[in-house]
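Subject: Handing over the structure, with notes on what was found

Dear colleague,

Please find the structure below, followed by my notes on it.

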Amino acid sequence: MRHGDKIKNLGRTSAHRSALLSNMACQLIQHKHMITTLAKAKSLRVYIEPMITRSKTDSMHNRRIVFSSLQDKEAIKELFGVIGDKVAGRPGGYTRIIKLPTRMGDASDMAMIELVDFNEIYNKEGKTTAAKKTRRGRKPSTAKKTETPQAAEVVNPQITDATETNSTESTKEA
């Protein structure tokens with residue numbers, strides 16, 4: 001029985017598991033998404049989300065704590081620079097796991113893990129992620145969507161062309 005056993009061992013020793021998660025976290029920070037097995041993706045989410053939360057406040061203390069886990073200066077720069085600025089308004093949930101079809105060789109469950117704010121497909125048209133309203137009193141941002149006046153003024157050109165040709169034909173016949 002595994003009562004109270006919250007650590008997913010991934011079939012590795014403790015040192016191998018920490019090295020694996022550290023390397024996967026550095027690659028996720030660098031590439032913003034990666035494809036791996038579902039079990040590794042779920043373990044990576046638990047591992048990296050507290051680091052992303054620390055990256056919201058750029059202090060020497062937070063940098064040293066994250067560096068003790070990652071051991072990669074370039075990943076730290078990226079995390080506290082680009083990623084920390086982009087997720088500053090998000091209260092949590094920085095990663096998304098999307099299940100993929102099973103792997104051909106051994107039929108293991110595959111998944112893609114990605115940073116939510118860096119997906120161009122879901123964040124089209126320059127939408128910014130606003131902090132949602134929570135029970136603790138955080139209010140959503142007041143960013144309003146404005147419609148372009150050009151979209152409202154567009155008239156179907158086929159209809160106008162057809163009416164013009166009909167009117168010119170009727171004047172020619174008369």
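Before anything else, a word on how the elements are named: helices are DSSP runs of H or I with at least four residues, strands are DSSP runs of E with at least two, and both are numbered from the N terminus. This is a predicted model, in which local features need pLDDT of at least 70 and side-chain atom pairs count only at pLDDT 80 or more, while totals for chains, interfaces and linings use all residues. Residues are numbered from 1 along each chain as its sequence is written, and side-chain values use heavy atoms, with hydrogens and water left out.

The overall picture

The protein has six helices and three strands, and from the N terminus on these elements follow the order α-β-α-α-α-β-β-α-α. Of its 174 residues, 28% count as buried, where buried means under 20% relative accessible area, exposed means over 50%, and partly exposed lies in between, with a 1.4 Å probe and protein chains only. Contact here means heavy atoms within 4.5 Å, and among the contacts with a separation of 6 or more, 53% come from residues 24 or more positions apart.

Two pairs of helices

Two packed helices are described by the angle between their axes and the distance between the axes. The axes are lines fitted to C-alpha atoms, for helices over the stretch in contact, and the angles run from 0 to 180 degrees between N-to-C directions. Angles under 35 degrees count as roughly parallel, over 145 as roughly antiparallel, 65 to 115 as roughly perpendicular, and the rest as oblique.

The axes of helix 1 (residues 14–31) and helix 2 (residues 38–54) come within 10 Å and cross at roughly 80°, and the two helices are therefore roughly perpendicular to each other. On the side of helix 1 the contact is made by S18, L20, L21, S22, M24, A25, L28 and I29, which meet K40, S43, L44, Y47 and I48 in helix 2. By class, this contact of helix 1 with helix 2 has nine nonpolar, three polar and one charged residue; here Ala, Val, Leu, Ile, Met, Phe, Trp, Tyr, Cys and Pro count as nonpolar, Asp, Glu, Lys and Arg as charged, and the others, Gly among them, as polar.

Helix 3 (residues 60–70) and helix 4 (residues 73–86) also have axes that come within 10 Å, and these cross at roughly 135°, which makes helix 3 oblique to helix 4. In this contact N62, R63, V66, F67 and L70 of helix 3 meet K73, A75, I76, L79 and F80 of helix 4, and the residues divide into seven nonpolar, one polar and two charged.

S22 belongs to helix 1 and is buried, with a relative accessible area of 9%. Leaving out residues up to four places away in sequence, S22 touches Y47, S69 and L70.

Which residues does T37 touch, not counting those up to four places away in sequence? T37, found in strand 1 (residues 33–37), touches R103, S108, D109, M110 and A111, and at 16% relative accessibility T37 counts as buried.

Most residues other than glycine have a negative phi. K32, in the loop between helix 1 and strand 1, has a positive phi of about 70° although it is not a glycine, and K32 is buried, with a relative accessible area of 14%. A107, in the loop between strand 2 (95–100) and strand 3 (110–115), has a positive phi of about 60° and is not a glycine either.

Helix 4 holds two further residues to look at. E74 lies in helix 4 and counts as exposed at 53% relative accessibility; E74 and C26 are 48 residues apart in sequence and 8.7 Å apart in space, C-alpha to C-alpha. K86 is also in helix 4 and counts as partly exposed at 43% relative accessibility. The C-alpha atoms of K86 and K56, which are 30 residues apart along the chain, are separated by 8.8 Å, and, leaving aside neighbours within four places in sequence, K86 is in contact with D117 and F118.
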